[in-house]
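My entries are below the structure.

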Amino acid sequence: MAVPEEFGGGWVKDFRYNAVVTEEVLYSGLGFGLHNDVIAAYLLELANEEQKARWLPGFCSGEIITAIAMTEPGTGSDLQGIKTRAVKDGDDWILNGAKTFITNGVNADIVIVVAQTDPEKGAMGFSLLVVERGMPGFERGRNLDKIGLKAQDTAELSFTDVRVPGKNLLGTEGQGFIHLMQNLPQERLSIAVMAAAAMEGCLETTIQYVRDRKAFGKPIGAQQNTRFVLAELATKTTAVRVFTDRCIELLNQEKLTAEEAAMAKMWSTEEQLDLITKCLQLHGGYGYMREYPIAKAYMDARVQTIYGGTTEIMKEIIGRSLKLS
Ligand SMILES: Cc1cc2nc3c(=O)[nH]c(=O)nc-3n(C[C@H](O)[C@H](O)[C@H](O)COP(=O)(O)OP(=O)(O)OC[C@H]3O[C@@H](n4cnc5c(N)ncnc54)[C@H](O)[C@@H]3O)c2cc1C
């Protein structure tokens, strides 16, 4: 969406457009925000002109599918514990390590890999290396068997002595962690947009269901409990929408802080889980059947409080900013 026209992109640097696409894709039951909402920002902000010319046209046309690989089998929340290592060899890097839970992992043509390049320097010793399809030593595991989000592939990746050319370093050597910290708020906002859209979609489906379904001689929507539950959920959905939209405005003005993005991600996804559980309850037994959209929404939603940083990590980010001790 934000990529300049010369590379085949839409050239609208306004996250409201991303949000509309994310919402519409989500209403139709999919969830492919990573390429448009997350990776585009890395490529636009960090790629040099040669890299942009190499990757962006395919990125925009859809011929190049992208992924970002931070999480490893031994570390997820604690990103500083990343063990994947890249060592300089002339102009190239030799990359070794393993990643897991990588969205688009099976289909990706290029993967932004977070690797330790100078372990002595702690947080300042990480860099982003772009690994491309077909590089010897780059292997993918099976498509992991998730409980939801069945339409998107998630995989383990392994790197054994992968020779990554120096020209595939994205951003500045040693600044990988800073690059992540700068881009994670947008990723978290994208997840909040999905949560807001999912809440609206599930609410609408449920309102329709309780109008149609009858029990004790009248629609279940006529029961006071149903009205009260849905009144509460409609209020929360509106509040989530308003806050998410406010965060989109702040992002557009380049003012969205890490804490606000964490608040949006934490709150919207927790409310999403609560709403879907209650909406499913109003569907009775049908809500438990996979053929009903609410059942699929329930399974898709469960990961929302986990990926992109868990609820607990969001609370840490927000809590730290309160300077309580
Ligand atoms: C479907 C899916 C797609 C994903 N896509 C990607 C992707 O594209 N790229 C990528 O890099 N990763 C991806 N991930 C990984 C995801 O970001 C991690 O799973 C997540 O960050 C949590 O890490 P973990 O699984 O190692 O859990 P852990 O870090 O082991 O956490 C386990 C539990 O401990 C809690 N915990 C950990 N530390 C603390 C603390 N300090 N205080 C309180 N509680 C704590 C956590 O909140 C959690 O409840 C994906 C995951 C899934 C499931």
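**Ground rules.** I am working with a predicted model, where local features need pLDDT of at least 70, side-chain atom pairs count only at pLDDT 80 or more, and totals for chains, interfaces and linings use all residues. Residues are numbered from 1 along each chain as its sequence is written, and side-chain values use heavy atoms, with hydrogens and water left out.

**Chain.** I found 8 helices and 10 strands (DSSP runs numbered from the N terminus: helices H or I, at least four residues; strands E, at least two). The C-alpha atoms fill a box of roughly 80 × 45 × 40 Å along the principal axes.

**Ligand shell.** I counted 18 residues around the ligand (a heavy atom within 4 Å of it). Met 70, Thr 71, Ser 77, Thr 310 and Glu 312 come nearest. The shell divides into 9 nonpolar, 7 polar and 2 charged residues.

**Polar contacts.** I looked for pairs of N or O atoms within 3.5 Å. The side chain of Ser 77 puts an N or O atom 2.6 Å from a ligand oxygen. For Gly 76, a backbone N or O atom lies 3.2 Å from an oxygen of the ligand. Thr 103 has a polar side-chain atom 2.8 Å from a ligand nitrogen.

**Elements.** Which elements give two or more residues to the shell around the ligand? They are strand E1 (66-69), strand E3 (92-103) and helix H8 (311-321). E3 gives the largest share, 3 residues.

Technical notes. A polar contact is a pair of N or O atoms within 3.5 Å; within protein, one must be able to donate a hydrogen and the other to accept it, and residues adjacent in sequence count only if both atoms are side-chain atoms. Ala, Val, Leu, Ile, Met, Phe, Trp, Tyr, Cys and Pro count as nonpolar, Asp, Glu, Lys and Arg as charged, and the others, Gly among them, as polar.
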